[in-house]
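Hello,

Here is the structure for your files. My notes follow below it.

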Amino acid sequence: MNPAHEARVVRRGEQPPLDSALRRSVRIAAAKADAAARITSPSKHHEQDHDMNPAAVDPTARAEQATERQTQNRILEMQLLHESLARAHMQDRLHEAENQRLVSRVARARKLRQRAERASMRARKALAVALIQR
């Protein structure tokens, strides 16, 4: 689906329908089935289809279509580059946040352990004082 078509389907602030990928794949499958149904191989040589695709006849047209496909693929990759960079950036941020949470848990555990040790020392001291005064 091209970005212009997506902009028409999904308006700002709206969520795309959950099954849009399924609809798209069904449309693609239907288009492929229609294209396959339209291609008929002639049963006899004299019944050859004269409306043949020029790419099937001319090797230069095939090469032009291949370069056009490569260009379209490059354009798509460039459009998706920002999305993949944003996804990688988000993964880095999530990793940093998880590390910070881990560091804060360790620091909190260390403080709690020190507090417990101080309380234990006070309790021992109080117990020793109580035993000496007896």
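A residue is called buried when its relative accessible area is under 20%, exposed when over 50%, and partly exposed in between (1.4 Å probe, protein chains only). By that rule, buried residues make up 1% of the 134 residues in the protein chain.

Some ground rules. This is a predicted model, in which local features need pLDDT of at least 70 and side-chain atom pairs count only at pLDDT 80 or more, while totals for chains, interfaces and linings use all residues. Residues are numbered from 1 along each chain as its sequence is written, and side-chain values use heavy atoms, with hydrogens and water left out.

**Confidence and fold**

pLDDT is the predictor's confidence in each residue, from 0 to 100. The protein chain averages 77, and 67% of the residues score at least 70. Helices (H or I, at least four residues) and strands (E, at least two) are DSSP runs, numbered from the N terminus. The chain has four helices and zero strands. Where pLDDT is low, the predicted coordinates should not be read in detail.

**Salt bridges**

A salt bridge here is a side-chain nitrogen of Lys or Arg within 4 Å of a carboxyl oxygen of Asp or Glu. The whole structure has three.

- Arg87 and Glu83 meet at 2.6 Å, N to O. They sit four residues apart in helix α4, so about one helical turn separates them. Arg87 is exposed at 51%; Glu83 is partly exposed at 41%.
- Glu98 pairs with Arg101, with the closest N and O atoms 2.9 Å apart. Both lie in helix α4, three residues apart.
- Arg113 and Glu117 meet at 3.8 Å, N to O. Both lie in helix α4, four residues apart.

**Surface patches**

Patches are made of residues with over 30% relative accessible area and no salt bridge; like charges are joined within 9 Å, and nonpolar side chains (Val, Leu, Ile, Met, Phe, Trp, Tyr) within 5 Å. Accessible areas come from the Shrake-Rupley method with a 1.4 Å probe; for residues, only the protein chains shown count as cover.

Met78, Leu81 and Leu85 form a nonpolar surface patch, with about 300 Å² of accessible area together. Leu81 lies in helix α4 (residues 59-132) and is partly exposed at 38%.

Arg108, Lys111, Arg115, Arg118 and Arg122 gather in a positive surface patch. Lys and Arg count as positive, Asp and Glu as negative; His and the chain ends are not counted. Each charge is placed at NZ of Lys, CZ of Arg, CG of Asp or CD of Glu. Arg115 lies in helix α4 and is exposed at 54%.

Best wishes
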